[in-house]
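Keep the picture beside you as you read.

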Amino acid sequence: MGHPQSTPGAAAKEAPSAWTRRRLLGGAAALGTGAALTALGLRGARAEESGHSGAGGHGGGSRSLPFDPQACLRSFERGRVIQENGRPLRLFEVEARSINVPLAGDVLFKAWTLNGRIPGPTLRARQGERIRVVFRNADSTAHSLHLHGVHPAAMDGIEPILPGRTAVYEVDLDRAGLFPYHCHVAPVSRHVGKGLFGLLVVDPPVDRPPADELVLVMGGYDINNDGRNELYAFNGIPDAYMLHPIQVRQNALVRIYLLNMTELESPLTFHTHANAFTVVGAGAQEPTDVITLGVAERTILELRYPYLGRYMVHPHQDQIAERGAMGFVEVTPA
Ligand SMILES: [Cu+2]
């Protein structure tokens, strides 16, 4: 299994309480990250990791995004199945490359991405299958793809793959569940923090009950390279689901594949407003509305929204929610 970075946790900087009040007064208005950047003196700052995008607006509203966070929510990459040596093999292709991502205000972040998005593609396979991941490094920095799971050392993805080179990782999926993948080139906290992570969903032999399935990956951005995160996000773009809420149907079963890939922090929580979820696979357990995940920890949550309306989801480390890790679920009639 993988080994989360042991980078010392950095306490998040103090946030003016005005953000919270403004956010509450402003409803869904995305005041958070823009105000946060101003308060941190980062607005308009050209640090090593960021520059001016010239794009206005906050939280994805008027930005031209290089990938669609709404697509990241519900898109699963099932690869292509071929027959090899008399058995099926599921093939995936993953490419590392740099892209500029407008994160908030005028912060344009040079991110390292997998298939041009953050998180990388949500790979999906079934227990008992063998998968082959062809990893091409189209970036100018060495990267790798380290997949959590049980496999031989040669498939562990800790060797740097040089720019322009390709590596092939092949593993047998003996267990169902969620398995993070991420670059493992040092400093890992930096390579992960710039966007090189994603999730493999391994379905059990018999499918789980039908549900509206959502992928939520929590991450953080150290945009001025000071060893601390200034911005956070679900699925790559700060505040994306605050401006464009996650649409679900009243009373529908919602299944959330949740992963925390936020480096440079203590464990984060995930909190659902006005509702409670059950943790799939955790045995008999009372529904709850907060769960704690360290870096690379993941879980499957299930819940239904009985009432119409908009409901927040966010880490209950509120200073982190106020810097981009905030979303709404909007419940509409079935
Ligand atoms: Cu890397």
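The largest nonpolar core has 80 residues, and among these Leu 200 and Tyr 257 touch the most other members. A nonpolar core here is a set of buried Ala, Val, Leu, Ile, Met, Phe, Trp, Tyr and Cys residues joined through C-beta atoms within 7 Å; buried means that 20 or more other C-beta atoms lie within 10 Å of a residue's own, with C-beta atoms placed from the backbone. This is a predicted model, in which local features need pLDDT of at least 70, side-chain atom pairs count only at pLDDT 80 or more, and totals for chains, interfaces and linings use all residues. Residues are numbered from 1 along each chain as its sequence is written.

Look at Tyr 257. Beyond its neighbours within four places in sequence, Tyr 257 is in contact (C-beta atoms, placed from the backbone, within 7 Å) with residues including Leu 178, Val 215 and Ile 300.

Now for the strands, which are DSSP runs of E with at least two residues, numbered from the N terminus. Two strands pair if DSSP finds at least two bridges between them. An open sheet of 4 strands has the order S5-S10-S9-S7, with mixed pairing. Strands S5 (123-126) and S7 (146-147) are at the edges with a single partner strand each, so one side of each has no neighbour in the sheet. S7 pairs with S9 (residues 177-182) in the antiparallel sense over 2 bridges, and Leu 147 stands opposite Tyr 181 in S9.

Finally, find S15 (residues 268-272). S15 pairs antiparallel with S17 (residues 290-293) over 4 bridges, where Leu 293 is the bridge partner of Leu 268.

Methods
A residue is buried if 20 or more other C-beta atoms lie within 10 Å of its own, exposed if 12 or fewer, and partly exposed in between; C-beta atoms are placed from the backbone. Two residues are in contact if their C-beta atoms, placed from the backbone, lie within 7 Å.
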